Amino acid sequence: MSDPTASPAPVASPDPASVLELIEAFRRSKVMFAGVALGLFDLLAAGPKSLDELTQELSADRQALQRLLDATVGLGLIERNGAVYANTPAANAYLVSTSPQQLTGYIRFSNGPLWKVWGQLEDAVREGTHRWQQVYGWDGPLFGHFFRDEASKREFLLGMHGFGVISSPHVVRAFDLSGFQRMVDLGGATGHLVIAACQQYPQLRGCVFDLPEAVSLATEIVSASPVADRIEVAAGDFFTDALPSADIYSLGRILHDWTEEKCVQLLRRIYDSLPAGGAVLLAEKLLNSDKTGPRWANMQDLNMLVCTEGRERTFDEYRELLQAAGFAQVQGCPTAAPIDAVLAVKPA
């Protein structure tokens, strides 16, 4: 018979590691964001510097800067030898604003506008809408207002170019595109997708088609590429202007900005412009069929909630949009990069 005065056996607590990790996660992001905003990685791009040199050149508090530097060492972004600090190879590639692979434009965007709109995620979930009006008092898209400043727009687009340099070679190799002759990249920004396609397929010619304000940077990037002689740059709005002729169109991270209705509207315009047997290539991150991953796609899906009227989708959801526009033979291909690929063909 049990003793009624005995204390109950202690119940083991669940492992708190996942909760504790998430409590700290935004702090790690902010360390990197602050390093970029202060110009720390840019200073170290020229070579190692001492704490005293960095303190003077950044006009910072010496002790506070040392604490930030040591945190970046712990995150693997900077190396320390005594009191001398140096960028890691990853920092030189992605966190230096003059690097051709830089992500600093997107990091600055994340540290500014995105940081503020994500602060209203709870209201976005309650109301099911983006946070432009709540945070900035704007009626139009966040991007259009933020990039009225030419320097900010340029750095953001170069940051997105950095994502493209990482992902686009994987996207254009996801399917055999050797049978196509002319690719038009709609909303192509800096042209990274069509550049990667022309580098992969010697028979292919290309065109970057984007709004007039994006054309100058696209021309600059394309002109410096090894396939510049096979790529044009043209200005226009893919929702309203005639589309340049092509037997394959590409949409790189475009459809996730828009509602289903606008996606089908754009895809039907593409369908009508294609010859029989032509195709459209989508570069988007695919959610798993049950939408519980991958984590990158889930986080980007919430980013679309607070920033746009769109969302991330599963392969089946993209297939439904493409079929609603008339396409057939829809294939999806996850890649090893941050972006996946979908290819759909116009029936003969």
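**Entry 1: Phe 41 and the cores**

I began at Phe 41 and listed its neighbours, leaving out residues up to four places away in sequence: Phe 41 touches Met 32, Gly 35, Val 36, Leu 77, Ile 78, Asn 87, Ala 91, Leu 95 and Val 96. I note here that I am working from a predicted model. I then looked up the largest nonpolar core and found that it holds 61 residues, and that Phe 41 is among those with the most contacts inside it, together with Leu 69, Leu 177, Met 183, Ile 231, Ile 248 and Leu 281. Which helix gives the most to this core? I found that helix H10, residues 150-173, does so, with seven residues. Apart from this core I located another, of 31 residues, including Tyr 249, Leu 251, Val 264 and Phe 315.

**Entry 2: the chain as a whole**

I counted 15 helices and twelve strands in the chain, and I noted that its C-alpha atoms fill a box of roughly 80 × 70 × 40 Å along the principal axes. Of the 348 residues, 47% are buried. For contacts with a separation of 6 or more, I recorded that 66% join residues 24 or more positions apart. The chain exposes about 17,100 Å², and carbon and sulfur atoms supply 55% of that area. I also looked up the charges and found 29 positive and 41 negative side chains, with the centres of the two sets 1 Å apart.

**Entry 3: helix H15**

After H15 I came to Gly 326, whose phi is positive, near 110 degrees.

**Entry 4: the loop between E9 and H14**

In the loop between E9 and helix H14 (295-307) I looked up Pro 294, and found that the peptide bond from Gly 293 to Pro 294 is cis, with omega near -10 degrees. Lys 291 has its place in the loop between E9 and H14 as well, and its phi is near 65 degrees, a positive value in a residue other than glycine. Is Lys 291 buried or partly exposed? I have Lys 291 down as partly exposed, because its relative accessibility is 36%.

**Entry 5: Ala 189**

I found a positive phi, near 55 degrees, at Ala 189, again in a residue other than glycine. Ala 189 lies in the loop between strand E4 (182-186) and helix H11 (192-200). At 18% relative accessibility Ala 189 counts as buried, since the cut-off for that word is under 20%.

**Entry 6: Glu 122 and Val 306**

Last, I looked up Glu 122, which lies in helix H7, residues 121-127, and is partly exposed, with a relative accessible area of 49%. How far apart are Glu 122 and Val 306 in space? From C-alpha to C-alpha I have 9.7 Å, although the two are 184 residues apart in sequence.

Definitions and conventions:
Residues are numbered from 1 along each chain as its sequence is written. Side-chain values use heavy atoms; hydrogens and water are left out. A nonpolar core is a set of buried Ala, Val, Leu, Ile, Met, Phe, Trp, Tyr and Cys residues joined through side-chain atoms within 4.5 Å. Buried means under 20% relative accessible area, exposed over 50%, partly exposed in between (1.4 Å probe, protein chains only). Helices (H or I, at least four residues) and strands (E, at least two) are DSSP runs, numbered from the N terminus. Contact means heavy atoms within 4.5 Å. Accessible areas come from the Shrake-Rupley method with a 1.4 Å probe; for residues, only the protein chains shown count as cover. Lys and Arg count as positive and Asp and Glu as negative; His and the chain ends are not counted. The place of a charge is taken as NZ of Lys, CZ of Arg, CG of Asp or CD of Glu.
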